[in-house]
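Hi,

Here is the model we talked about handing over. Have a look through it first, and my notes follow below.

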Amino acid sequence: MSPKKENNQKNPEELVKYFKDEFKTSIRSAEIKKRKAGSKKNETSTIWMKVEKSAFKDVIKHLVDYQFPHLPVVSGNDLGKTIELIYHFTVNYGTRMNEINLHISVDLPKSKPEIETICDLIPGALVTEREKQEMLGVKIVGIPDARKLFLPDDWPENIYPWRRDETGPEKYYKNLHEVKK
Amino acid sequence: MSSEATTKTTYHIPIGPIHPALKEPVHFEFEISGERIIDVDVKLGHVHRAVEWASRKRNPVQILYLAERICGICSYCHPIAFSLAVEAAADIEVPERAEYLRVIQGELERITSHILWAGVAAHEIGFDTVLFLTWEIREKALDLTEYLTGNRVTKGITMIGGVRRDITKDMIPRIQKDLKFFKDNFQKLAHIFLDDKTFKMRSQNCGILTKEDALKLCAVGPTTRASGVKKDVRVDTSYFAYGDLDIDYITPDKLTGKINGDVYDRIITRLLEVKQSIELIEQCIDKMPAGDIVAEPKIPKLLAQLKKVNGEGVGRHEAPRGEVIHYVKLTGEDAPYTWKVRAPTYNNILPWIPMLKGEQIADIPIVAASTDPCMSCTNRVAIVNNGKHYELNKEELHRLSVEKTRRLMR
């Protein structure tokens with residue numbers, strides 16, 4: 001069964017081509033994965049795209065112009081020398097089985113983990129951007145509300161729960177099984 | 001937001017954060033002018049339990065049971081979304097029968113959750129007889145859950161690559177009997193919620209979320225669909241057996257022909273979804289193919305297989321409150337490198353602000369409840385003005401809400 005196509009909807013291949021044509025080498029990698037499900041083996045497509053930090057904001061701008069994307073969440077990994085942020089978008093929603101998962105990731109160097117806010121384009125990104133600031137210690141430049149989201153106000157400075165280096169939360173753990181020595 | 005000015009006509013009311021019976025307490029700070037809400041600020045994190053960190057010392061099968069305990073109502077959605085993410089990362093193919101069984105469990109949870117919500121919504125406006133009616137129906141749904149999974153709340157049904165219990169032929173009459181019970185009572189509930197004057201008075205034109213705001217603020221689930229945004233993971237994508245089934249977006253215009261995005265529309269959306277869920281379970285029972293229920297029944301073998309995986313995956317499932325999304329990165333260790341959980345309420349926080357602005361204090365409970373948050377935070381309210389401190393507890397706020405209903409009924 002081939003899903004119905006809206007006038008300007010792109011399929012995953014077209015979407016990747018659109019971004020590659022527009023941003024050339026700034027798109028470091030793009031991979032399309034398809035998973036089948038159910039008896040009829042209908043497919044859902046997922047695009048994993050890695051972009052240069054310099055082009056990131058522009059990529060999001062183009063995405064918003066294509067269709068206002070849904071941003072469920074931004075997740076992140078501490079990869080040692082860099083911090084990877086993954087913006088999980090979905091586009092083409094609103095028609096049966098046409099939705100594409102679009103995961104745009106961007107690497108930030110640990111020496112200067114800064115990235116521009118996308119709240120001006122997608123106001124709903126505020127909650128998740130605030131969470132990334134406090135959990136991963138990245139600086140979201142231009143964020144309209146820089147307060148903490150989940151962590152208490154008296155949380156120690158320069159400790160980020162999702163980090164895996166010396167700024168991680170290790171020394172604050174209480175290993176209850178070690179108490180009675 | 002100064003508090004010292006004596007000429008100031010607005011008040012600040014902090015609401016929350018703690019209600020010990022509920023997960024995810026939240027703290028609201030309202031700026032009030034007379035009875036009107038001028039501005040809202042939301043603070044979170046009072047029960048951040050670092051579940052994602054706890055996963056660093058657990059293997060994926062252990063995490064299933066941890067995920068189940070994220071939420072007491074969505075105790076199926078979280079482990080299943082985690083499974084979907086792991087299956088995507090490890091490229092595990094789920095047997096067809098298991099895909100149908102997963103839909104049945106998901107939809108049964110939706111019925112339980114939506115009916116619970118309907119009762120809470122009725123309670124918030126002081127219609128407690130409906131609360132007892134809905135909870136009677138919910139009790140049946142929980143009994144059916146127990147019959148199918150062995151448990152009423154934390155179901156323990158999910159396994160990576162399938163489910164843990166089959167539905168055999170002899171179980172089907174019992175399911176059909178209960179579905180008939182739900183259907184009969186659905187008519188009754190729909191009549192109460194959609195035709196009752198009191199409900200209409202309190203919910204129509206109250207807590208409006210426009211389509212534009214719903215899109216911009218990335219709202220999810222019935223909250224966004226009630227504002228007319230066609231967004232439902234079950235319809236948008238093909239996962240489980242949803243791709244095989246007859247399913248469409250539920251928006252309030254299906255019933256009333258128009259979309260207002262108010263509390264009433266959110267009630268309509270949820271009620272219609274209960275009906276949809278009943279129909280989906282029926283479709284699944286009809287169409288369910290025979291076969292295995294899990295891809296790899298031996299857990300040690302499954303864990304060994306997962307330990308070889310280097311990759312990342314995302315699992316999305318339409319929970320009763322909206323899309324739940326999990327991100328998992330596996331790096332060939334016992335435990336996943338990263339596990340990110342995003343529950344639907346996370347995205348439905350910002351939409352509260354446009355909903356509550358311009359409403360009255362007495363509308364806070366029903367508007368806040370209308371997104372079906374994982375909390376009913378209105379536990380303790382303190383009105384602070386010029387150093388004077390009044391305390392309003394949950395009962396007081398509830399009383400205000402009930403009084404408004406009575407006032408309108410006169």
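At what angle do H4(B) and helix H5 (residues 128-149) of chain B pack, and how far apart are their axes? The angle is about 165 degrees and the axes are 8 Å apart. (Axes are lines fitted to C-alpha atoms, for helices over the stretch in contact, and angles run from 0 to 180 degrees between N-to-C directions.) That makes H4(B) roughly antiparallel to H5(B), where angles under 35 degrees count as roughly parallel, over 145 as roughly antiparallel, 65 to 115 as roughly perpendicular and the rest as oblique.

Some housekeeping before I go on. This is a predicted model, in which local features need pLDDT of at least 70 and side-chain atom pairs count only at pLDDT 80 or more, while totals for chains, interfaces and linings use all residues. Residues are numbered from 1 along each chain as its sequence is written, and chains are lettered from A and ligands numbered from 1 in the order in which they are written. Helices (H or I, at least four residues) and strands (E, at least two) are DSSP runs numbered from the N terminus.

Two residues are in contact if their C-beta atoms, placed from the backbone, lie within 7 Å. For the classes, Ala, Val, Leu, Ile, Met, Phe, Trp, Tyr, Cys and Pro are nonpolar, Asp, Glu, Lys and Arg are charged, and the others, Gly among them, are polar.

Next, H12(B), which covers residues 263-287. This helix has 25 residues and reaches 36 Å from its first C-alpha to its last, close to the 36 Å expected at 1.5 Å a residue; the expected span is 1.5 Å times one less than the number of residues. Of its 25 residues, 18 are buried, so H12(B) is largely enclosed by the rest of the structure. (Buried means 20 or more other C-beta atoms within 10 Å of a residue's own, exposed means 12 or fewer, and partly exposed is in between, with C-beta atoms placed from the backbone.)

Two helices that pack on H12(B) are worth a look:

- H4(B), residues 96-124, has an axis that comes within 9 Å of that of H12(B), and the two cross at roughly 155 degrees. That makes H4(B) roughly antiparallel to H12(B). The crossing is left-handed. Residues of H4(B) in this contact include Tyr100(B), His114(B) and Trp117(B), and those of H12(B) include Arg270(B), Glu273(B) and Cys284(B). By class, this contact has 15 nonpolar, 2 polar and 5 charged residues.
- H6(B), residues 172-195, packs with H12(B) at an angle of about 165 degrees, with the axes 10 Å apart. H6(B) and H12(B) are therefore roughly antiparallel to each other, and H6(B) passes H12(B) in a left-handed crossing. Among the residues that meet are Phe182(B), Phe186(B) and Phe193(B) from H6(B), and Leu271(B) and Ile285(B) from H12(B). This contact has 16 nonpolar, no polar and 3 charged residues.

Chain A has 3 helices and 7 strands, in the order α-β-β-α-β-β-β-β-α-β along the sequence. Its C-alpha trace spans about 65 × 40 × 25 Å along its principal axes, and 40% of its 181 residues count as buried.

The contact between the chains takes 34 residues from chain A and 37 residues from chain B. On the chain A side, S3(A) gives the largest share, 6 residues. By class, that side has 17 nonpolar, 12 polar and 5 charged residues.

Most residues other than glycine have a negative phi. Lys41(A), however, has a phi near 55 degrees. Lys41(A) lies in the loop between S1 and S2 of chain A and is partly exposed, with 13 other C-beta atoms within 10 Å. Phe240(B) also has a positive phi, near 45 degrees. Phe240(B) is found in the loop between H10 (233-236) and H11 (253-256) of chain B, and counts as buried, with 27 C-beta neighbours inside 10 Å.

Cheers

Conventions: A crossing is left-handed if the near helix is turned anticlockwise from the far one by less than a right angle, and right-handed if clockwise.
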